[in-house]
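Hello,

I am passing a structure on to you, as promised. Please open it and keep it beside this message while you read.

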Amino acid sequence: MAVTKEKPQSVDPAAAFFTPGSDIHDTKAPAGPIEKKWPARQFTAKLVNPANRRKLTVIIVGTGLAGGAAAATLGEAGYNVENFCYQDSPRRAHSIAAQGGINAAKNYRNDNDSVYRLFYDTVKGGDYRARETNVYRLAEVSGNIIDQCVAQGVPFAREYGGLLDTRSFGGVQVQRTFYARGQTGQQLLIGAYQALERQVNAGTVKMHTRHEMVELIVHDGRARGIITRDMVTGEIEPWYADAVVLATGGYGNVFFLSTNAMGCNVTATWRAHRKGAYFANPCFTQIHPTCIPVHGDTQSKLTLMSESLRNDGRIWVPKRAEDCTKDPRQIPESDRDYYLERIYPAFGNLVPRDIASRQAKNMCDEGRGVGPLVTEVTQDGTTQQRRRGVYLDFAEAIGRLGRKAVEAKYGNLFDMYQQITGENPYETPMRIYPAVHYTMGGLWVDYDLESSIPGLYVCGEANFSDHGANRLGASALMQGLADGYFVLPNTINDYLSGGPFEKMSDSTPEVAAALGEAKGRVERLLSVQGSRSVDSFHKELGAIMWEYCGMERTAEGLQIAIGKIRQLREDYWNDVLVTGVNEDFNQALERAGRVADFMELAELMCIDALNRRESCGGHFRRESQTEDGEALRNDDEFAYVAAWEFTGDGQKPILHKEPLVYEFIELKQRSYK
Amino acid sequence: MKITLKVWRQARNASTGAMQSYQLNDVSAEMSFLEMLDMLNEQLTSQGQEPVAFDHDCREGICGMCGVVINGAPHGRYSSPVATTTCQLHMRNFHDGDVIEVEPWRAGAFPIIKDLVVDRSAFDRIIEAGGYISVNTGSAPEAHSTPAPKLQADRAFDAATCIGCGACVAACPNGSGMLFTSAKVTHLANLPQGQPERRRRVKAMIAAHDDNGFGGCQNIGECASVCPKQIPLASIGQLNRDLIAALFHADGRNS
């Protein structure tokens with residue numbers, strides 16, 4: 001593979017794709033010692049008298065950990081909540097698929113854990129691209145989350161004494177991860193769902209399932225409602241509120257193949273972005289190293305296996321490419337390359353997610369991958385066949401601990417692997433490959449979780465705030481619930497105290513305009529009547545993103561990608577075939593709208609990646625690496641949040657920088673050797 | 001391999017449906033059942049026909065959104081060596097030349113929306129009636145203030161793994177939702193936090209179950225045999241014991 005030489009910095013290729021804007025700052029976090037900031041904000045936030053709360057309506061889009069928790073909590077507080085989800089029940093949100101656990105600084109293990117340590121680990125794990133104030137608060141409320149969930153009846157793992165068990169996770173040195181077997185996300189979500197259904201019963205929350213948000217209504221500079229499409233009848237209708245909360249998750253499905261659910265999409269946040277909400281750090285995506293590899297062209301999604309497997313499994317590929325088709329059990333030790341142990345003797349197989357992922361890609365790029373051949377289009381336009389998999393071998397662990405012990409620890413994961421691949425991992429090594437898992441980027445929010453549109457709040461994975469350039473394991477559940485249960489309900493009142501706002505109606509000009517836009521898009525999609533299915537476009541978009549904006553990015557590649565995306569978008573609007581009509585349950589139409597938005601987001605992701613000429617966390621720029629091939633951060637130029645403003649179709653976005661100021665933590669370069 | 005699919009097509013709730021045959025020529029053993037349906041839909045789309053509507057989301061066997069009856073068994077249970085959701089059923093369990101029948105859940109409480117998609121909101125209404133512990137955000141005591149014996153906590157967990165897919169209802173000759181209801185009752189009844197509302201909960205949930213058009217339970221056991229999460233049939237025993245105990249106490253849904 002050709003190595004691109006670093007270009008002179010004087011000509012920044014990204015400059016052609018955006019307009020520089022003014023710096024922005026979070027203005028809501030109070031000054032003072034970090035541990036005093038959240039109590040101070042809670043005290044200064046204006047309150048809403050309990051008797052006035054029922055006069056105020058809040059729309060919440062999404063029913064995952066962040067949305068479901070927020071809807072339940074605001075309902076309990078007495079607000080009038082309208083809650084929406086695209087699934088048939090709020091209990092299906094994709095938070096449900098999280099396996100490993102949830103972090104909390106309880107220090108139950110007496111192992112020197114503290115709020116400060118959780119804060120420190122999260123900022124460091126995020127490669128110093130997260131905002132200190134938000135992360136500290138996250139660590140501060142983490143303990144309350146566990147209390148709340150236990151009280152709701154979440155069946156966390158317990159010791160024989162009846163108290164909660166914890167385990168270590170994601171490379172940190174304390175045992176602060178609470179878990180419920182391999183189904184922690186499911187149990188936490190069901191807890192939030194039950195709290196939500198209790199409020200539905202109480203009449204404070206109205207639940208609208210099978211409704212997809214397709215537009216945001218902004219009136220008088222404030223977020224005042226949304227437009228939804230009823231996915232059963234096709235009806236496109238407006239809903240009004242005094243504030244709108246988006247808790248719609250991440251956008252990993254821009255890559256087509258990811259560990260996200262099939263329906264996960266960017267539409268809600270992208271529509272808000274088009275209406276003025278800044279999109280922050282869109283290029284920060286997390287590629288998870290331990291997923292089940294792609295089996296062929298008909299693959300629809302990827303399945304993650306908990307990274308706890310790396311505690312005992314050893315990762316290797318054959319030393320010689322000609323051994324890659326052999327039965328791995330026939331390859332002698334001397335012909336195996338345990339490459340993580342070789343390159344990173346200190347951390348070995350437990351290096352952070354981004355490093356484990358990139359090295360797996362490097363091995364396969366060298367032609368030493370294993371498993372079935374997958375056809376790929378290379379950057380020079382030719383097709384090639386590559387094996388995309390590395391071995392995760394438990395033979396040594398089974399020898400050391402015995403099969404029974406391995407079964408007790410990982411049995412459910414082994415069963416899952418066998419069900420999907422048909423191979424028995426007790427006998428033959430697992431094959432794994434990295435897959436897109438989580439997006440750290442999202443809508444820009446301040447300390448109150450309010451976006452750049454007044455009255456529009458963003459929670460959970462949908463916002464950008466807490467994980468910087470890389471998320472630590474067991475922190476997504478923590479953030480979703482922190483935002484939903486404890487942060488938003490203490491900040492949104494500051495805004496709502498100014499309400500109720502002017503009454504809205506269908507004849508309000510912005511409502512009519514938003515309705516027109518939403519209906520117009522549907523009509524446009526249905527009227528193309530081209531020759532290609534929505535999925536075929538989505539797959540092509542995913543292949544472009546994976547190749548050029550995946551685990552390793554270059555200035556040259558990203559510019560190629562932008563050209564390809566623009567071309568694909570044009571083709572899409574000229575050649576897509578959406579069957580059926582709007583006034584029906586029409587899944588092709590649902591997907592068509594989502595893919596159209598992914599096509600727009602994809603370009604912004606590439607521009608953001610092109611602009612960030614440094615490697616940090618999950619974002620690896622080939623031009624920015626140390627002599628021995630490790631990520632090289634550039635704090636002098638890029639210690640900022642890139643918040644992008646939409647300026648119109650075909651127009652250059654504006655880049656606003658929020659400088660990241662580290663008052664309490666010293667910036668350091670990560671090293672895992 | 002070549003597969004012949006017979007799929008239930010129904011334009012909407014009010015219309016009559018029928019089985020329709022489709023031929024797929026290029027199915028691979030590695031594909032999941034839903035990827036095989038994706039392939040059918042791509043084929044239909046390219047012919048300008050409407051794709052088959054089916055519910056699905058996580059495709060990891062945990063969200064509970066997918067579920068169709070395959071050759072007469074919910075989630076294709078009788079085609080798979082292990083308990084499974086539809087999304088985790090793989091085509092290696094079928095053979096070249098097979099004819100596979102695909103139908104929606106059929107139950108009075110789950111009206112058909114389109115093709116293989118049904119309305120399972122009745123499940124939400126059962127939970128809404130009392131499938132929770134009433135605790136407002138912020139009012140929870142310290143997590144370790146109430147120890148929970150491990151055995152009961154594990155039992156609670158086994159029941160809490162229910163994904164609400166509805167296979168139990170589809171399998172039951174009476175269209176009963178008792179396994180689903182009892183899973184939640186058992187989950188919360190085995191935890192100390194669930195005790196204050198225990199009697200009220202079971203009465204309210206059973207009432208909602210009956211009000212929403214589910215049939216009665218006769219302990220046939222089809223439900224547990226198809227359950228992808230293997231919720232034990234004994235959960236229904238727990239529900240019955242709790243219900244009988246609750247009937248002798250005043251705290252109920254109207255109290």
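Below is what turned up, starting with how to read the model and then going through it part by part.

**Reading the model**

This is a predicted model, in which local features need pLDDT of at least 70 and side-chain atom pairs count only at pLDDT 80 or more, while totals for chains, interfaces and linings use all residues. Residues are numbered from 1 along each chain as its sequence is written, and chains are lettered from A and ligands numbered from 1 in the order in which they are written.

Helices (H or I, at least four residues) and strands (E, at least two) are DSSP runs, numbered from the N terminus.

Axes here are lines fitted to C-alpha atoms, for helices over the stretch in contact, and angles run from 0 to 180 degrees between N-to-C directions. On the H1(A) side the contact is made by Ile34(A), Lys37(A) and Trp38(A), and on the H5(A) side by Glu132(A), Thr133(A), Tyr136(A), Arg137(A) and Glu140(A). Two residues are in contact if their C-beta atoms, placed from the backbone, lie within 7 Å. By class, the contact of H1(A) with H5(A) has three nonpolar, one polar and four charged residues. For these classes, Ala, Val, Leu, Ile, Met, Phe, Trp, Tyr, Cys and Pro count as nonpolar, Asp, Glu, Lys and Arg as charged, and the others, Gly among them, as polar.

H5(A) also packs against H12(A), at an angle of about 85° and with the axes 9 Å apart. That makes H5(A) roughly perpendicular to H12(A). Among the residues in this contact are Leu138(A), Val141(A) and Ile145(A) of H5(A), and Leu481(A), Tyr485(A) and Phe486(A) of H12(A). The classes here are nine nonpolar, four polar and one charged.

**Where the two chains meet**

In all, 62 residues of chain A are in contact with 66 residues of chain B. Which helix gives the most to the side of chain A that touches chain B? H6(A) does, with nine residues. H5 and helix H12 (476-496) of chain A are among the elements that give two or more residues to that side. By class, the side of chain A that touches chain B has 23 nonpolar, 27 polar and twelve charged residues.

**The core**

The largest nonpolar core has 287 residues, and those with the most contacts inside it are Val245(A), Leu443(A) and Cys606(A). Such a core is a set of buried Ala, Val, Leu, Ile, Met, Phe, Trp, Tyr and Cys residues joined through C-beta atoms within 7 Å. A residue is buried if 20 or more other C-beta atoms lie within 10 Å of its own, exposed if 12 or fewer, and partly exposed in between, with C-beta atoms placed from the backbone. H16(A) gives the most to this core, with 15 residues. Leaving aside neighbours within four places in sequence, Cys606(A) is in contact with residues including Tyr548(A), Leu558(A) and Ile565(A).

**Strands in chain A**

Five strands of chain A form an open sheet in the order E13-E19-E18-E14-E15, with antiparallel pairing. Two strands pair if DSSP finds at least two bridges between them. The edge strands, E13 (285-291) and E15 (336-337) of chain A, each pair on one side only. Inside this sheet, E18 (residues 390-393) and E19 (residues 430-439) of chain A pair over three bridges, and Val390(A) has Ile432(A) as its bridge partner.

**Chain B**

Chain B has eight helices and seven strands. Of its 255 residues, 55% count as buried. The C-alpha atoms of chain B fill a box of roughly 60 × 40 × 35 Å, taken along the principal axes.

Is Ser15(B) buried or exposed? Ser15(B) is exposed, with 11 other C-beta atoms within 10 Å. You will find Ser15(B) in the loop between strand E1 (3-9) and strand E2 (18-24) of chain B.

Enjoy exploring!

Notes. Angles under 35 degrees count as roughly parallel, over 145 as roughly antiparallel, 65 to 115 as roughly perpendicular and the rest as oblique.
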